[in-house]
Amino acid sequence: MISKGCEQCAKGGKMVLFVYGYCDQRDCFYCPLGENRKNVTDVYANERKVESDEDVIAEAKRMSALGTSITGGEPQEAMAKTCRYLRLLKDEFGEDHHTHLYTGITGGRENMRRLAEAGLDEIRFHPPLELWGDMHGTEWEEILYIAREEGLTPAFEIPGIRAEPEFLEFLDEGAAEFCNVNEFEMSDGNYRRMQEEGFELQEGHMSAVEGSKDASIVEEMASHEKVYFCTSVFKDAAQHRNRLKRMAKNIRREFDEVTDDGTLVYGKAFAPPERFEALGVPEEFYTVKSNHVEVAWWLLEEMVEDGDLDEGEIVEQYPTVNGTVVERTPVA
């Protein structure tokens, strides 16, 4: 089973709204949060640092967002901010803009009510690892029913550290709607702590942990109709790449080429703009910048080959707001 929120993620349609970097409950050794996001009050919409509400709306429009996932840190520790952004998104994009929130605390009925009233659709609980298998009869069971009573879809989202039958019991009992099991991963944010706990990377893999596709996890949990096992390859190859493609399609210029990875490719020349005018290059094939000209990459190659330009470079970059360059290839 895959939830509506996950369907949108698979299409690259979920904007990630990071609202709060603090998490006072615990310091999970597997927390993937990078040092630049940990213990900060800054807000980020995807890669964009948010300075105003307009930044959130602009980023959602940049990727034609179908919905938004709210994350941190711990979003429930910044309830006023979290609820304000939920209302902002629903007011701007309507009720069909699906929202889900990741949380590592129960929060209680008042929080569930506030989140639901602000426009949250789905809440994904991540109980502390030390409580796995011992949650029945605790606040973690109670909050599932409370969330549903307040109009939210309650679910679990956990790292694939081990197979845990209790999560399946909650599903069979109707307490939780679904459970996402993410392939256990190492990141810049948790690498040292993960190694201290005895975990290592899979050979030849950039992030997946050795044993993270252990048969017990896949067979005991992912075979359940309400459990979805999300691999690191899928996150990169589908979710992230499709999000980039959505952005690239929206912001590409007439002469930009969009690659299968969702990056933009164009040429960069350092000749004066008058050269392009003299050669009769159509205006839609180039853009004048402060100290260079950006042009269709294939046209740049032709112009250098024909001697109309001395040199240039082909640039491949992400369509994100920071425009990170992936590769530069000299043309001479």
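I take helices (H or I, at least four residues) and strands (E, at least two) as DSSP runs, numbered from the N terminus. With that convention I placed Q76 in the loop between β4 and α3 (79-93). The model I consulted is a predicted one.

**Entry 1. The chain as a whole**

I began with the overall figures. The protein chain has eleven helices and 15 strands. Its C-alpha trace spans about 80 × 45 × 35 Å along the principal axes. Of its 332 residues, 51% count as buried. I then looked up the contacts in the chain with a separation of 6 or more, and 65% of them join residues 24 or more positions apart.

**Entry 2. Q76**

I returned to the loop residue Q76. Is Q76 buried or exposed? Its relative accessible area is 5%, and buried means under 20%, so Q76 is buried. A polar atom of the Q76 side chain lies 3.1 Å from the backbone oxygen of I105. I also listed what Q76 contacts once its neighbours within four places in sequence are set aside: T103, I105, T106, G107, N111 and M112.

**Entry 3. E122**

I next examined E122, which belongs to strand β6 (residues 122-125). Its relative accessibility is 3%, and therefore E122 counts as buried. Which side chain makes a polar contact with the side chain of E122? I found R124, at 2.7 Å. Leaving out neighbours within four places in sequence, I recorded contacts of E122 with S3, G5, H98, T99, H100, L101, T153 and F178. One of these, T153, is also a residue of β7 (153-159).

**Entry 4. Helix α5 and its surroundings**

I looked up which residues of helix α5 (residues 139-149) are buried, and found W140, E141, I143, L144, I146 and A147. An α-helix has 3.6 residues a turn, so residues three or four places apart point the same way. I then asked which elements the buried residues of α5 pack against. The elements are α4 (109-118), β6, β7 and α6 (165-172). Strand β6 is the one that holds E122. After α5 comes G151, for which I noted a positive phi, near 100°.

Most residues other than glycine have a negative phi. I noted two residues that depart from this. N39 has a phi near 55°, a positive value in a residue other than glycine. N39 sits in the loop between β1 (14-20) and β2 (44-45). With a relative accessible area of 45%, N39 is partly exposed. S64 is likewise not a glycine and has a positive phi of about 50°. The place of S64 is the loop between α2 (53-62) and β4 (67-72). S64 has a relative accessible area of 35% and is therefore partly exposed.

**Entry 5. R37**

I stayed with the loop between β1 and β2, where R37 is also found. Not counting residues up to four places away in sequence, R37 touches F18, G21, Y44 and N46. I checked the separation of R37 from E254, which lies 217 residues away along the chain, and their C-alpha atoms are 36 Å apart.

**Entry 6. Helices α2 and α9**

Two packed helices are described by the angle between their axes and the distance between the axes. For α2 and helix α9 (residues 232-251), I found that the axes come within 8 Å and cross at roughly 95°. Angles of 65 to 115 degrees count as roughly perpendicular, so α2 and α9 are roughly perpendicular to each other. On the α2 side the contact is made by E59, K61 and R62, and on the α9 side by R246, M247, N250 and I251. By type, the residues of this contact are four charged, two nonpolar and one polar.

**Entry 7. Annotated regions**

I found 21% helix and 36% strand over residues 262-331, with the end C-alpha atoms 23 Å apart.

Conventions:
Residues are numbered from 1 along each chain as its sequence is written. This is a predicted model: local features need pLDDT of at least 70, side-chain atom pairs count only at pLDDT 80 or more; totals for chains, interfaces and linings use all residues. Side-chain values use heavy atoms; hydrogens and water are left out. Buried means under 20% relative accessible area, exposed over 50%, partly exposed in between (1.4 Å probe, protein chains only). A polar contact is a pair of N or O atoms within 3.5 Å; within protein, one must be able to donate a hydrogen and the other to accept it, and residues adjacent in sequence count only if both atoms are side-chain atoms. Contact means heavy atoms within 4.5 Å. Axes are lines fitted to C-alpha atoms, for helices over the stretch in contact, and angles run from 0 to 180 degrees between N-to-C directions. Angles under 35 degrees count as roughly parallel, over 145 as roughly antiparallel, 65 to 115 as roughly perpendicular and the rest as oblique. Ala, Val, Leu, Ile, Met, Phe, Trp, Tyr, Cys and Pro count as nonpolar, Asp, Glu, Lys and Arg as charged, and the others, Gly among them, as polar.
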